[in-house]
Amino acid sequence: FSLLASQLSVFSGGSQNVRLTLFINRATSGAMGAPTIADAHDIVFGRIVTFERCKSDGAADTAIDVIGTGFHNDIYDVPVSVPGATTTDVNRLVVAAFGGYSIGATDAGAATNASLSGITERADSVSDGMHIAVITGIKTTAGAYNATTTTLAGNSIMAGFSLALRP
C-alpha cells in the first residue's frame with residue numbers, strides 16, 4: 001500500500017491531533033500481503049475498504065477522477081460535513097471519509113448529500129474513542145457534488161476528505 005497523495009493526509013493541528021491518511025493499492029491477486037503502517041507513537045486506528053470495477057489501466061491513482069479538499073475541525077463539533085468537489089465525467093463513485101477522536105460517540109447517523117444517489121455507509125467503526133467512517137454515493141452527471149453530511153451522537157474532533165472514482 002502506498003500513500004496516495006499528500007493532500008490526502010489531513011491533519012488537525014488542535015489540542016487533540018487527528019490525522020486521516022489514504023493509502024491506495026490496486027489488487028493484483030486474491031492473496032496480497034497485509035499493509036504496514038508506521039508507528040505514530042500514539043493511537044493508530046485503521047480500516048481497509050475495497051472498491052471493484054474502478055479504472056484498471058495505469059497506476060492505481062488513475063482510478064481517481066477528483067480529490068476534494070480535506071477538512072478538519074479543531075473544536076468539539078457534533079455535525080460532520082465532508083466537502084465535495086467537481087467530477088470531470090458521469091457516473092463517478094464518490095467516497096466521503098472521516099475519522100478522528102469521538103467523545104461518547106457511537107455510530108454516525110444517516111448520511112445525506114442531495115447531489116448523489118444511492119448513499120451507502122460502507123464503514124462506521126468506533127473503538128477506544130477513535131471513529132472512522134466511509135460513505136459512498138453515485139454522481140450520475142459531471143460537475144460539482146455537495147458536501148456529504150452526517151451527525152455523531154457525541155462531541156468529536158475529525159479530519160476527512162472526499163474523492164470520486166472512475167468506473
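Modeller: Let us start with burial: a residue is buried under 20% relative accessible area, exposed over 50%, and partly exposed in between (1.4 Å probe, protein chains only). H131 counts as buried because its relative accessibility is 1%. This is a predicted model, in which local features need pLDDT of at least 70 and side-chain atom pairs count only at pLDDT 80 or more, while totals for chains, interfaces and linings use all residues. Residues are numbered from 1 along each chain as its sequence is written, and side-chain values use heavy atoms, with hydrogens and water left out.

Biologist: How many helices and strands are there in the protein chain?

Modeller: Both are DSSP runs numbered from the N terminus: helices are H or I with at least four residues, strands are E with at least two. The protein chain has 14 strands and zero helices. H131 belongs to strand β11, and D124 to strand β10, which spans residues 117-127.

Biologist: With which side chain does the side chain of H131 make a polar contact?

Modeller: A polar contact is a pair of N or O atoms within 3.5 Å; within protein, one must be able to donate a hydrogen and the other to accept it, and residues adjacent in sequence count only if both atoms are side-chain atoms. The partner of H131 is the side chain of D124, at 2.5 Å. The D124 side chain also reaches the backbone nitrogen of A108, at 2.7 Å.

Biologist: Is D124 buried or exposed?

Modeller: D124 is classed as buried because its relative accessibility is 13%. Contact means heavy atoms within 4.5 Å, and D124 touches D107, A108, H131, I132 and A133, leaving aside residues up to four places away in sequence.

Biologist: Which residues make up the largest nonpolar core?

Modeller: A nonpolar core is a set of buried Ala, Val, Leu, Ile, Met, Phe, Trp, Tyr and Cys residues joined through side-chain atoms within 4.5 Å. The largest here has twelve residues: L20, I64, L93, V95, A97, A123, I132, V134, A159, F161, L163 and L165. Strands β9 (92-103), β11 (130-139) and β14 (155-165) each supply at least two residues of this core, and β14 gives the most, with four. A second, separate core has eleven residues, including V82, A96, A108 and A133.

Biologist: Which residues does T150 touch?

Modeller: Not counting residues up to four places away in sequence, T150 touches P79, V80, F98, A108, G109, A110 and A111. A polar atom of the T150 side chain lies 2.6 Å from the backbone oxygen of G109. T150 sits in strand β13 (residues 148-151) and is buried, because its relative accessible area is 5%.
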